[in-house]
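Thanks for coming. Please have a look at the sequence and the structure before I start talking.

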Amino acid sequence: MKKVTDFFYYVLSVALTFGSVNPFTVHVDDAVIGEQQGYTPVLLAICVILSLCNKSIRKHIRENKSFIRVLLGFDLILLISGVFYDIGTINDVLIFLIKLIACEVGFIVFLSYFKRYPSTLNWSLILYQISCTIIVILFFVGALSSVLYYSNGRLFLFGINPNTFSFMMGLGVLYALNDLLYKNRLKIVKAFDVFSILILFMYIILSGSRGSFLFCGLGCILLIGKQLWKKFYLIIPILIASYFVLSIFVKDSSENIALFDRLEDLKQGDERDELINYAFQIFSDGPIVIGVGNNGYVQESKKHFQEVRDSHNLLVSTIVLTGVLGEILLLRFLFLLYNRIRKTHFQNKLAFALFVYMVLISLKTGWVLTYTLMWYVFSVSMALATVNTNDKINCKNK
């Protein structure tokens, strides 16, 4: 049973690199964005069910009572706020709540499983990195021409929003850099890690995503830390070589790159500022204590602003959805994660880098509360921070 469960965890780690898209059936052009036919929800359910069949995992789940209590409280407030706003749209409330609970259950179960079996976590990270690298290689050799297009200097692959897909590739960069710096690998494996970092960064540049570019860069800095001085003989040459390779790439692909112009535009702000202003107006006009629920958020946005998007900021959207009470519980959840992860920062830098990367991305992503990969990354971060450093994760004590 353990081998079967591990197999599905490995398949899930590969499927996550495609988001909600089924890569075997999707055909996109500039009128089709992200067909929702992926295997991720099914694989998530299978992994959860198989994990719960394991007695030791059920025991580990009971050790996460602090997380469970906070999340249950948050869900209850979300339900109450939606019903209070308009019981006539209770179906919308329940659908959103079911998606959220599925993500939360996944977080608790994955955290418990990865803590119990760190080798499964280790291989899941490796497979994710390899999958990201293969996808980007296929893109660069022209094998994915039927499922990509450029719009305003930004690359859309599989019809997925470039901000989202570049974030996913950024996770591959962090996994590869951690493997390069902190694992005892053969030279050929380390060479592959360097190659992965470079080619994935090239994709992020083509995506035009400012957040992924900046936040992934910050994650890399957090990972490198004092290693810059301890392993300068390895890191400095790699950084110099990477700079020249990326410079040549940017020069040759300049007509398809909008990233640097978009970075300049940051000084003037963007449409997210408008979305955040809309959100605060809805919050101030509604029940401040419990919020307006997801049904209220959507209806009020349409009615007053002709807008269906949320604020693209986890904290702002949450205070609109669940009011002050829900915001406090979300911050409590994030603090529980942060408090445990920061204590092991020097033992496992990847845990902290992933946590920071994910939190920053959540502050610029739409409807991220039910984003499966966010909860998966949180479970990975927490598991990395809690597994024994002598386990097969074998991150060195720095």
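First, the ground rules. This is a predicted model, in which local features need pLDDT of at least 70 and side-chain atom pairs count only at pLDDT 80 or more, while totals for chains, interfaces and linings use all residues. Residues are numbered from 1 along each chain as its sequence is written, and side-chain values use heavy atoms, with hydrogens and water left out.

Salt bridges, then. The term means a side-chain nitrogen of Lys or Arg within 4 Å of a carboxyl oxygen of Asp or Glu. How many does a search of the whole structure find? It finds 5. One of them joins the side chains of E63 and K115, at 3.9 Å from N to O. E63 sits in the loop between α3 (55–62) and α4 (65–85), and K115 is in helix α5 (residues 90–116), so this pair ties together parts that are 52 residues apart in sequence. The helix numbers come from DSSP: helices are runs of H or I with at least four residues, strands are runs of E with at least two, and both are numbered from the N terminus.

Another salt bridge links E300 and K303, at 3.5 Å from N to O. Both residues lie in helix α14 (residues 293–305), 3 residues apart, which is about one turn of the helix. E300 is buried at 14%, whereas K303 is exposed at 54%.

R309 and E307 also form a salt bridge, with their closest N and O atoms 2.8 Å apart. R309 is partly exposed, at 31%, and E307 is buried, at 13%.

On to cysteines. A disulfide is a pair of cysteine sulfur atoms within 2.5 Å. The search of the whole structure finds 0 of them. For C216, the closest cysteine sulfur is in C220, 4.4 Å away, which is too far for a bond. C216 is buried, at 0% relative accessibility, and C132 is also buried, at 0%.

Last, the backbone. Most residues other than glycine have a negative phi, and most peptide bonds are trans. H312 is not a glycine, yet its phi is positive, about 60°. H312 is found in the loop between α14 and α15 (314–343) and is buried, at 17%. W367 has a positive phi too, near 45°. W367 is placed in the loop between α16 (349–362) and α17 (372–386), and at 26% W367 is partly exposed.

That is the end of my list.

Note on methods
Buried means under 20% relative accessible area, exposed over 50%, partly exposed in between (1.4 Å probe, protein chains only).
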